[in-house]
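Hi there,

Here is the structure I promised to pass on to you. Have a look at it first, and then read on for what turned up in it.

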Amino acid sequence: MRENARVTSSDRGDYQELVDEISELLGAPATLENRNFELIAFGAYDSEGDLDPSALDPVRTRSILTRRSTSAVRHWFEGFGITRATGPVRIPRTPEAGVYRGRICLPVRHRGVVLGYVWLLDYDPGPTEQQLAAAMLVTGRIGALLADEAQHGADLTRELRAVLTAEPGWPRDMAVAELRTALGVRADGPHTVVCVAPWPSADPDDAPSVRTLPGARALCAIPWGTTQQSLVLLVGLRSTDTLTPAVSAATRLLERAAAPGPPGGAGRTTAGSARGGAGAGAGQAARPEGGAGGSGGAAQDAAAGRDGGPGRSTGGGSHGGVAAGIAAARTGLAGLGTAWAEASAAARAALAEPRLGPVAQWAAIGPYRLLTSLPSEAAHDPALRALLSPAHRELARTAEVYLDCAGQAGRTAAELGIHRQTLYYRLSRVEQLTGLDLDDGEDRLLLHMALKAARL
């Protein structure tokens, strides 16, 4: 229990205090990023010059606000040897790369391993050697905290995965007990589960740091289908009345997942690559592709022509084919298995019906709460086999819109942009193909459920 108390005290506030201490020592605002260039904390040094917007890089400001950078920026700064350095590294101003002010990088190491970087804008005459030496001592304390947290986070990852993959009954009860011990007093508070799927990479090193996600307690990867992965996050809440921290974490994960290339990997080339901005100042510097940041999920969907279901256009509601689901809030860990099922179902619903997403809450997915609990065979009712074939894609879409519009012909024709007589003809074809009577309530229910289930 003493170990748990020691680890849980190493939170964002500790990093902020240490960054503020370095800012005071060096007389300049400093920022802290982990080795993946994810922003952890930044300090504001109160001096007249620093209040002048012209004294700041525009990229530095954007980096702090968006908490992200590109892989190009990361490689550019790493080219100055910061991953191998044991002392301060000065990086010159490079206006053509968008770096209008020089940087000083203080590598954060623990037992010889680089775990992060403290950055500050260089200034004239700059900090003295004595000041930098004092600041490096503080980075040693930061390194110890990062090492502690990394070890603890790895343990929680294993324990969360054990809970979610264990068989119901005593195996899961034992896994929950171990997770409860690791979380300490936090285990009894309100929480929820977030599922992001499909996660673009199966490499554990591509998962973001837990501390960069609001309210995160633990994170792990779980198989999604036969060949893909989902990312699962346990999020602590202030109360069971609000899921705001979970929505923020889910949104951040979607932005990261939507960027091209492996999340967090060296091949990423957009703003979602890492949260922090290469030295809290290089944010979008040296960005060769010149594109705007952000996930671009809707544009990707539109370009890919995604339809998300039996012939029905979705308008690109998910981020490049990735969606997030959030379980209902609950207190304690006893219902963690149910929470995972809810989050997974909500993510499936958002992928099937993007108007629900890209972040879907279990409480808001309506009939999909029932449909996601049905076996996959439910979408293969013999009556609908012909209708769901590619040859009858438009008929399936017509039938679904008609049922969504409660059987109102006028509304259906308007939404489809067709003449009412055309609608009637298509509906008669649906009846011929399925053998169902659209004037019969049970037949309509079967058709509607099967069409929706086919999306899943």
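Arg-111 counts as exposed because its relative accessibility is 81%; the cut-offs are under 20% relative accessible area for buried, over 50% for exposed, and partly exposed in between, with a 1.4 Å probe and protein chains only. This arginine lies in the loop between β4 (103–110) and β5. Its backbone deserves a look too: Arg-111 has a positive phi of about 55°, although it is not a glycine. Ala-406 also has a positive phi without being a glycine, at about 60°. You will find Ala-406 in the loop between α12 and α13 (409–416), and it is exposed because its relative accessible area is 52%.

Before going further, a word on where this comes from. The model is predicted, so local features need a pLDDT of at least 70 and side-chain atom pairs count only at pLDDT 80 or more, while totals for chains, interfaces and linings use all residues. Residues are numbered from 1 along each chain as its sequence is written, and side-chain values use heavy atoms, with hydrogens and water left out.

How confident is the predictor? The pLDDT (the predictor's confidence in each residue, from 0 to 100) averages 77 over the protein chain, and 74% of the residues score at least 70. Over residues 1–11 the pLDDT is below 50, and this stretch has 11 contacts in the model beyond near neighbours in sequence; a contact means heavy atoms within 4.5 Å. Residues 47–54 also have a pLDDT below 50, with 5 contacts beyond near neighbours in sequence.

Now for the overall picture. The protein chain has 15 helices and 11 strands; these are DSSP runs (H or I with at least four residues for helices, E with at least two for strands), numbered from the N terminus. Of its 456 residues, 51% count as buried. Among the contacts in the chain with a separation of 6 or more, 66% are between residues 24 or more positions apart.

The structure holds 6 aromatic pairs. Rings of Phe, Tyr and Trp (its six-membered ring) pair if their centres lie within 6.5 Å; planes under 30 degrees apart count as stacked, over 60 as edge-to-face and the rest as tilted. Phe-37 and Tyr-117 have ring centres 5.6 Å apart and planes at 75°, so this pair is edge-to-face. The pair links distant parts of the chain, 80 residues apart: Phe-37 is in the loop between β1 (30–34) and β2 (39–42), and Tyr-117 is in strand β5 (residues 113–121). Phe-37 counts as buried because its relative accessibility is 0%, and Tyr-117 counts as buried at 1%.

Phe-37 has another partner in Trp-119: their ring centres are 6.3 Å apart and their planes at 70°, so this pair is edge-to-face as well. Trp-119 lies in strand β5 and Phe-37 in the loop between β1 and β2, so the pair ties together parts that are 82 residues apart in sequence. At 1% relative accessibility, Trp-119 counts as buried. Phe-37, Trp-76, Phe-77, Phe-80, Tyr-117 and Trp-119 form one aromatic cluster. Arg-74 lies over the face of Phe-37, at 5.9 Å from the ring centre (the rule: NZ of Lys or CZ of Arg within 6 Å of the ring centre and within 35 degrees of the ring normal).

Next, have a look at Ala-360, which lies in strand β11 (residues 359–361). Is Ala-360 buried or exposed? At 1% relative accessibility, Ala-360 counts as buried. Not counting residues up to four places away in sequence, Ala-360 touches Ala-324, Gly-325, Ile-326, Ala-346, Ala-350 and Ile-365. Ala-360 and Ala-343 are 17 residues apart in sequence, and their C-alpha atoms are 8.5 Å apart in space.

Finally, there are cis peptide bonds to find. One joins Gly-357 and Pro-358, with omega about 15°; Pro-358 lies in the loop between α10 (336–352) and β11. The peptide bond from Ala-197 to Pro-198 is cis too, with omega near -15°, and Pro-198 is found in strand β6 (residues 190–199).

Enjoy exploring!

Best wishes
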